[in-house]
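Trainee: Could you walk me through this structure? I would like to learn how to read it step by step.

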Amino acid sequence: MGMNIKSEKAQRLARQLADETGQSMTAAVEQALEAEIARLHLQRDIAERKRRVREIVKSFGPVPEGVTSDHSDLYDEWGLPT
């Protein structure tokens, strides 16, 4: 099973990566491809988590009128609990 890369740029980059990592060109290309696939999977996982969080937040419905995150009535002027 072989692969013939005809792009001079791809060959140059593979050679550079191999030289910088001390690996063979094949090992360097395999590692780079595995890293890119892992990065893509991670991006998809993050996007899916964000989608699910948005879905959960949306399921709570709108914030009731008058509800705020202001808790200043619980603290004195020095920031200590009253």
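Mentor: Happy to! One definition to begin with: helices are DSSP runs of H or I with at least four residues, numbered from the N terminus. Keep in mind that this is a predicted model.

Trainee: How many helices and strands are in the protein chain?

Mentor: Helix α1 covers 8-21 and helix α2 covers 25-59. No strands go with them, and the count for the protein chain is two helices and zero strands.

Trainee: Is the protein chain more spread out or more compact than a globule?

Mentor: Along its principal axes, the C-alpha trace spans about 70 × 35 × 20 Å. The globule rule gives 12 Å for 82 residues, while the radius of gyration is 27 Å, well over that value, so the chain is more spread out than a compact globule.

Trainee: What share of the residues counts as buried?

Mentor: Buried means under 20% relative accessible area. A27, for example, has 27%, so A27 is partly exposed instead. Of the 82 residues in the protein chain, the share that counts as buried is 4%.

Trainee: How far apart in space are A27 and E77?

Mentor: A27 sits in helix α2. In sequence, A27 and E77 are 50 residues apart, and in space their C-alpha atoms are separated by 63 Å.

Trainee: Which residues are linked in a network of salt bridges?

Mentor: Let's build it up pair by pair. E48 forms a salt bridge with R51, with the closest N and O atoms 2.6 Å apart, and these two lie three residues apart in helix α2, about one turn of the helix. R51 also meets E55 in a salt bridge at 2.7 Å, N to O. R51 takes part in both pairs, and the linked residues are E48, R51 and E55.

Trainee: Which class has 11 residues in the lining of the largest pocket?

Mentor: The largest pocket holds about 500 Å³ of space and is lined by 16 residues, with I5, A10, A14, M25 and V29 nearest its centre. Helices α1 and α2 each supply at least two of the lining residues. Three lining residues are polar and two are charged, and the class with 11 is nonpolar.

Key. Residues are numbered from 1 along each chain as its sequence is written. This is a predicted model: local features need pLDDT of at least 70, side-chain atom pairs count only at pLDDT 80 or more; totals for chains, interfaces and linings use all residues. Side-chain values use heavy atoms; hydrogens and water are left out. On a 1 Å grid over the protein atoms alone, a cavity is a set of points where a 1.4 Å probe fits but cannot get out, and a pocket is an open set with protein on both sides within 12 Å along at least five of seven lines; lining residues have an atom within 4 Å of a point. Grid points are joined across faces, edges and corners, and a volume is the space filled by probe spheres set on the points. Ala, Val, Leu, Ile, Met, Phe, Trp, Tyr, Cys and Pro count as nonpolar, Asp, Glu, Lys and Arg as charged, and the others, Gly among them, as polar. The radius of gyration is taken over C-alpha atoms; the globule rule is 2.2 Å times the number of residues to the power 0.38. Buried means under 20% relative accessible area, exposed over 50%, partly exposed in between (1.4 Å probe, protein chains only). A salt bridge is a side-chain nitrogen of Lys or Arg within 4 Å of a carboxyl oxygen of Asp or Glu.
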